[in-house]
Amino acid sequence: MSHPMTITEKILAAHTGLEAVTPGQLINARVDIALGNDITAPIAIKEFKQAGGGKVFDPERVVLVADHFAPNKDIPSAIQCQILRQFAQEQHLKHFYDGGDMGVEHALLPEKGIVVPGDLVIGPTATPAPTAVWGLSPPGWAPPIWRQP
């Protein structure tokens, strides 16, 4: 007998093609938006390049926001933002938000209409963003693999 699903489980199930998902289950889910910021994205970008990543899975669905170190307080902060800026240009990302056109990443995406209720967004936490989401797996699908620095 299956348990009633939470809204999170329903969103995850909808992005896997499964009728239901349960806590602890490993899934492959189609990600609507892969979000990176100026703290974690430089780590993921480095791993992406070292792993031989050429192109992100979809330049319209990878979003980079410089919201922790912009405006820059020092040279290391400026370098973090520069890494995002360069990667966004190299990858022709549609959604790159830099100083003067940004905000708190978690509020900015819904404010700009980039994400809507029911979307599956993977983004930064205390661990680096998964490089698999950015193009090292079949387009748009993120296996449950996290690369550590």
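**Notes on the predicted model**

1. Strands E2 and E3 pair in the parallel sense, over four bridges. Within this pairing, Ala34 has Val62 of E3 as its bridge partner. The coordinates come from a predicted model, and local features are taken where pLDDT is at least 70.

2. The pairing of E2 and E3 belongs to an open sheet of four strands, in the order E4-E3-E2-E5 and with parallel pairing. Its edge strands are E4 (95–97) and E5, each of which pairs on one side only. E3 and E4 are joined in the parallel sense by three bridges, and in that pairing Val65 stands opposite Tyr97 of E4.

3. E2, H2 and E3 together form a β-α-β unit, and the unit is right-handed. Just after H2, Gly52 has a positive phi of about 90°.

4. How much of E2 is buried? Five of its five residues are buried, so the strand is described as mostly covered. Ile33, Leu35 and Asn37 point one way from E2, while Ala34 and Gly36 point the other way, and all are buried.

5. Asn37 is the polar residue to check in this strand. Asn37 lies in E2, which spans residues 33–37. With a relative accessible area of 4%, Asn37 is buried, because the cut-off for that label is under 20%. The side chain of Asn37 reaches the backbone nitrogen of Thr40 at 2.9 Å. Leaving out residues up to four places away in sequence, Asn37 touches Pro42, Val65, Asp67, His68, Leu84, Glu105 and Pro124.

6. Which residues of H2 are buried? They are Ala41, Pro42, Ala44, Ile45, Glu47 and Phe48. The buried residues of this helix pack against E2, E3 and H3.

7. The largest nonpolar core has 16 residues, and those with the most contacts inside it are Val56, Val62, Leu64, Leu84, Phe87 and Leu93. Two or more residues of this core are given by each of helix H2 (41–50), strand E3 (62–65) and helix H3 (75–91). H3 supplies the largest share, four residues. There is also a second, separate core of nine residues, with Tyr97, Leu108, Ile114 and Val115 among them.

8. The count of aromatic pairs comes to one. The ring centres of Phe48 and Phe87 are 5.6 Å apart and the planes are at 90°; the pair is edge-to-face because an angle over 60 degrees gets that label. The pair links distant parts of the chain, with Phe48 in H2 and Phe87 in H3, 39 residues apart. Both partners are buried: Phe48 has a relative accessibility of 0%, and Phe87 has a relative accessible area of 1%.

9. His92 is found in the loop between H3 and E4. What is the phi of this residue? The phi of His92 is near 55°, a positive value in a residue other than glycine. As background, most residues other than glycine have a negative phi.

10. Pro117 sits in the loop between helix H4 (105–111) and E5. Is Pro117 buried or exposed? At 83% relative accessibility, Pro117 counts as exposed. Pro117 and Ile11 are 106 residues apart in sequence, while their C-alpha atoms are 9.3 Å apart in space.

Definitions and conventions
Residues are numbered from 1 along each chain as its sequence is written. This is a predicted model: local features need pLDDT of at least 70, side-chain atom pairs count only at pLDDT 80 or more; totals for chains, interfaces and linings use all residues. Side-chain values use heavy atoms; hydrogens and water are left out. Buried means under 20% relative accessible area, exposed over 50%, partly exposed in between (1.4 Å probe, protein chains only). A polar contact is a pair of N or O atoms within 3.5 Å; within protein, one must be able to donate a hydrogen and the other to accept it, and residues adjacent in sequence count only if both atoms are side-chain atoms. Contact means heavy atoms within 4.5 Å. A nonpolar core is a set of buried Ala, Val, Leu, Ile, Met, Phe, Trp, Tyr and Cys residues joined through side-chain atoms within 4.5 Å. Two strands pair if DSSP finds at least two bridges between them. A crossover is right-handed if, with the strands pointing away from the viewer, the path from the first strand over the helix to the second runs clockwise. Rings of Phe, Tyr and Trp (its six-membered ring) pair if their centres lie within 6.5 Å; planes under 30 degrees apart count as stacked, over 60 as edge-to-face and the rest as tilted.
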